Amino acid sequence: QVQLVESGGGLVQAGGSLRLSCAASGSGLNIMGWFRQAPGKQRELVAVHSSGGRTNYADSVKDRFTISRDNAKNTMYLQMDSLKPEDTAVYYCAARRGISLSSDAGAYDYWGQGTQVTVSS
């Protein structure tokens with residue numbers, strides 16, 4: 001049984017930083033990623049990380065967000081710097097057993113419950 005539990009969301013002013021964590025139970029989760037969904041919008045990829053170290057980022061967060069994984073702890077992180085009001089969304093941790101760094105939410109088998117990130121202007 002795979003479970004993903006996010007933590008670290010909250011309210012921050014524009015220009016500030018937050019760090020999200022996703023603790024995973026279960027094995028074989030080769031690809032883990034962060035998605036976000038703002039009200040009235042589709043869920044979109046933020047960043048994705050393979051167990052081997054490959055990463056991919058949405059253009060909107062490149063050079064501001066950093067995804068990382070601690071395979072020993074089975075935990076993934078998202079360091080978010082220079083936050084903007086448009087980063088406001090519910091952030092979800094997701095995982096899949098495949099090998100591609102897919103940006104398609106439908107390709108992910110497991111999801112966390114989500115954590116709210118609100119950036120005030």
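Helices (H or I, at least four residues) and strands (E, at least two) are DSSP runs, numbered from the N terminus. The protein chain follows the pattern β-β-β-β-β-β-β-β-β-β-β along its sequence, with a secondary structure of 0 helices and 11 strands.

This is a predicted model, in which local features need pLDDT of at least 70 and side-chain atom pairs count only at pLDDT 80 or more, whereas totals for chains, interfaces and linings use all residues. Residues are numbered from 1 along each chain as its sequence is written, and side-chain values use heavy atoms, with hydrogens and water left out.

## Overall form

The C-alpha atoms of the protein chain fill a box of roughly 40 × 25 × 25 Å along the principal axes. The radius of gyration is taken over C-alpha atoms, and the globule rule is 2.2 Å times the number of residues to the power 0.38. For 121 residues a compact globule would have a value near 14 Å, and the 13 Å of the protein chain agrees with this.

Buried residues (under 20% relative accessible area; exposed means over 50%, partly exposed in between; 1.4 Å probe, protein chains only) make up 45% of the 121 residues. Where contact means heavy atoms within 4.5 Å, 58% of the contacts between residues at least 6 apart in sequence join residues at least 24 apart. The protein chain exposes about 6000 Å², of which carbon and sulfur atoms supply 45%; accessible areas come from the Shrake-Rupley method with a 1.4 Å probe, and for residues only the protein chains shown count as cover.

## Strand 3 and its neighbours

Two strands pair if DSSP finds at least two bridges between them. Strand 1 (residues 3-7) and strand 3 run antiparallel and are joined by 5 bridges; here glutamine 3 stands opposite serine 25. Strand 3 also runs antiparallel to strand 8, with 6 bridges between them, and serine 21 has tyrosine 77 of strand 8 as its bridge partner.

## The disulfide

The structure holds 1 disulfide, a term that denotes a pair of cysteine sulfur atoms within 2.5 Å. The sulfur atoms of cysteine 22 and cysteine 93 lie 2.0 Å apart in this link. Cysteine 22 belongs to strand 3 (residues 18-25) and cysteine 93 to strand 9 (residues 89-96), so that distant parts of the chain, 71 residues apart, are linked. The link is left-handed, with -65° about the S-S bond. Cysteine 22 is buried at 0% relative accessibility, and cysteine 93 is buried with a relative accessible area of 0%.

## Salt bridges

The structure holds 4 salt bridges, each being a side-chain nitrogen of Lys or Arg within 4 Å of a carboxyl oxygen of Asp or Glu.

| arginine 36 | glutamate 44 | 2.7 Å |

Arginine 64 lies in the loop between strand 6 (55-57) and strand 7 (65-70), and aspartate 87 in the loop between strand 8 (75-80) and strand 9, so the pair ties together parts 23 residues apart in sequence. Both arginine 64 and aspartate 87 are buried. Through shared partners, salt bridges join Arg36, Glu44, Arg64 and Asp87 into one network.
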